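Work through the exercises below with the model open beside the text, and try each task before reading its solution.

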Amino acid sequence: MKYALLLYAAPGAAEGVQPADDGVVNSWLDYTAAMKESGALLAAEQLAQVGTATSVTMRRGERLLTDGPHIETKEHLLGFYLLDVPDLDAALDWAGKMPIVRYGTVEVRPVLEGQAWRAPLE
């Protein structure tokens with residue numbers, strides 16, 4: 001089953017985390033390597049800062065662009081890992097090992113498979 005691990009943190013949440021002192025960079029590298037070696041990792045990406053986002057809507061036939069994210073939240077989406085694991089428990093295990101849980105949140109969400117809109121991708 002496929003699961004997305006969505007990484008969230010409040011702006012500035014990692015300010016107290018010093019990569020050189022805490023080994024956080026190496027923990028991310030080790031975490032990602034372990035996930036890849038297990039065969040569970042399908043994709044992973046880090047997103048640019050939320051201030052670089054542009055939201056697109058359509059109202060009365062007019063495309064409207066808004067700087068920033070669509071919704072105002074205390075935590076921002078920072079990136080994601082896409083996994084293929086046997087079940088939710090396996091996805092939760094990987095989420096619990098992610099370094100961001102020290103200062104942020106990992107949302108685990110199932111990927112809907114077999115949807116009609118995916119036909120052009122296959």
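Relative accessible area, computed with a 1.4 Å probe on protein chains only, sorts residues into buried (under 20%), exposed (over 50%) and partly exposed (in between). The structure is a predicted model, in which local features need pLDDT of at least 70 and side-chain atom pairs count only at pLDDT 80 or more, whereas totals for chains, interfaces and linings use all residues. Residues are numbered from 1 along each chain as its sequence is written, and side-chain values use heavy atoms, with hydrogens and water left out.

**Exercise 1. Salt bridges**

Find the salt bridges in the whole structure, and state how accessible the partners are.

Solution. Begin with the criterion, which asks for a side-chain nitrogen of Lys or Arg within 4 Å of a carboxyl oxygen of Asp or Glu. A search of the whole structure with this criterion returns three salt bridges.

Step 1. K2 pairs with E113, with 3.8 Å between the closest N and O atoms. Because K2 belongs to strand 1 and E113 to the segment after strand 6 (105-110), this pair ties together parts that are 111 residues apart in sequence. Here strands are DSSP runs of E with at least two residues, helices are runs of H or I with at least four, and both are numbered from the N terminus. K2 is partly exposed at 24% relative accessibility, and E113 is likewise partly exposed, at 44%.

Step 2. E107 and R109 meet through their side chains at 2.4 Å, N to O. E107 has a relative accessible area of 25% and is partly exposed, while R109, at 44%, also counts as partly exposed.

Step 3. R118 and E122 form a salt bridge at 3.9 Å, N to O. R118 is partly exposed at 26%, whereas E122 is exposed at 74%.

**Exercise 2. The two sides of helix 2**

Which residues of helix 2 are buried, and how are they placed around the axis?

Solution. Step 1. Check the geometry: helix 2 has 15 residues and spans 21 Å from first to last C-alpha, close to the 21 Å expected at 1.5 Å a residue, where the expected span is 1.5 Å times one less than the number of residues.

Step 1. The buried residues of helix 2 are V24, S27, W28, Y31 and M35. They cover an arc of only 100° around the axis and therefore lie on the same side of helix 2, the arc being that of the directions from the helix axis to the C-beta atoms.

Step 2. Turn to the face away from this buried side, where the exposed residues L29, D30, K36 and E37 are found.

Step 3. Follow the chain just past helix 2, where G39 takes a positive phi of about 90°.
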